[in-house]
Amino acid sequence: MKLFILITLFGFSLTQHNPHFKHGRTTIVHLFEWRWSDIAAECERFLAPKGFGGVQISPPAEHIVLDNPWRPWYQRYQQTSYKLCSRSGTEEQLRDMITRCNNVGVNIYVDTIINHMAATGGGEGSHSSCGSWFSTITRDFPSVPYSAWDFNGHKCKTGSGEIENYGDAYQVRDCNLVGLLDLALEKEYVRGKVSEYMNNLADMGVAGFRMDACKHMWPGDLENIYGRLHNLNTKWFPANSRPFIYQEVIDLGGEAISYKEYTPLGRVTEFKFGAKLGYVFRKWNGEKLSYTKNWGEGWGFMYSGEAVVFVDNHDNQRGDGAGGPSILTFWESRLYKMATGFMLAHPYGQARVMSSYTWDRKIVNGHDQNYWQGPPNFGDGTTKPVIINQDQTCGNGWICEHRWRQITNMVQFRNVVNGQPVSNWWDNQSNQVAFGRGNRGFIVFNNDDWSLDLTLYTGLPAGTYCDVISGQKEGSSCTGKQIFVGVDSRAHFQISNTEEDPFIAIHVDAKL
């Protein structure tokens, strides 16, 4: 009987590792701070036709509105209730977006805040996105409702009520994180309110949840809450499908809390991935691209089936979160495209690409003074729509890295080679590497300060292929480079170190 229960629980948790992609799709895009109406349109006009698997959306719950002309991005992470009206739109617009994206086969994953409510400095009043009254002074959130009894103030043993020592797991989980009022998730009432909020979203049709700040919550509390979640909506997902769970756990090693405590419950964000990849492509600390031959678990990362991976995320692209100055972002587009191309070509982990907005960058002593600025707005705090330019890039301050040709085409590359192992590895013992994915695709990088000019065994069928980095296949021709693969599966590659994008990728669906 005990063995049966263990097997049941293990199988139950494994289903929460499944993103439920449709039609052989493989990649999530984080449309950070986008409005619901813009996401719905993007699913229909771009994400579905280009083969994206799903969208991570910003937190949809009611949040504090901070009196600042830029309405900082982090106000979305200071909830005042579980009403579904946020800077991104109304509940009706959220429902419409979920429906429209599901109808074209693009899943929705909700960035979910259950560790805390708004921060202690939030004061009291109705300055929230739905206009609900709250008080961080008395810990009163009547729209949930939560009162002082529902928070962990009594459990925290530090004088300040804040986390003072990350080496103490009790502090990390029972005290306030940078002032954010820590919910008492061991209480039945709080668990009920949190799961009610998540189940409302599951019933609407979301495919899963990105769980924020999991290191600050006890695994047992999360296991209880996940166990209360409804199965996914059968209008779009197979019967008995469990929500996809991926948990933010910053673990670069050496702390009291390990990612291993959370992997039985769902996938976990592998922060070492982007940090190490930044060192490799920057060539810092003697790192070389050739060293990535055993990329993944061989670099001390978690098991591939447990990991969600990314080059950057909304925190560390601003210097927050984890990874430090090695993190590559859209500000360094040449290296960023190469690193993202590597992530999407390699089978390790569940890939998520970032889609950002710009801000008034001001670096002082290595730190961005304006990292806090919220999304493009009209001056009254209203978020600007995402404008699509004639060349398919975005306007109005939106960066839209997912629309960059090189990244879009590598998302499609990942779809085409899905399930194939890394094969036919070559490197020059420096920063030129090449590898295939079975007999479906092949990619070559030149991150050295000299040109690459050689013939390599690709494992691909003979024929003429379009490089999907310099261009793509359109009709019966290539808009960029052509690569000729002989009957012996060998092909000649030339990549100058001065090229805008010093890498080449080919796959069987880009064959003329």
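**A tour of the rings**

Start by selecting Phe273, Phe281, Trp295, Trp299, Phe301, Phe342, Tyr348, Trp425, Phe435, Phe445 and Phe503: ring pairs join these residues into a cluster. Keep in mind that you're looking at a predicted model.

Next, step back to the whole structure. How many aromatic pairs does it hold? The count is 38.

Now look at where the two come from: Phe32 is in the loop between β1 (28-31) and α2 (36-50), while Tyr357 is in the loop between β12 (350-355) and β13 (363-364), so the pair ties together parts that are 325 residues apart in sequence. Are these two buried or exposed? Both Phe32 and Tyr357 are buried.

Then go back to the cluster and zoom in on Trp425 and Phe435, both of which belong to it. Here the centres are 5.6 Å apart with the planes at 10°, so this is a stacked pair too. Trp425 is in strand β17 (residues 422-427) and Phe435 in strand β18 (residues 432-437), 10 residues apart.

Last stop: charges over rings. Select Arg318 and Trp359, and you'll find Arg318 over the face of Trp359, 4.4 Å from the ring centre. Then try Arg352, which lies over the face of Phe310 at 4.5 Å from the ring centre.

Conventions:
Residues are numbered from 1 along each chain as its sequence is written. This is a predicted model: local features need pLDDT of at least 70, side-chain atom pairs count only at pLDDT 80 or more; totals for chains, interfaces and linings use all residues. Side-chain values use heavy atoms; hydrogens and water are left out. Rings of Phe, Tyr and Trp (its six-membered ring) pair if their centres lie within 6.5 Å; planes under 30 degrees apart count as stacked, over 60 as edge-to-face and the rest as tilted. Helices (H or I, at least four residues) and strands (E, at least two) are DSSP runs, numbered from the N terminus. Buried means under 20% relative accessible area, exposed over 50%, partly exposed in between (1.4 Å probe, protein chains only). A charge sits over a ring if NZ of Lys or CZ of Arg is within 6 Å of the ring centre and within 35 degrees of the ring normal.
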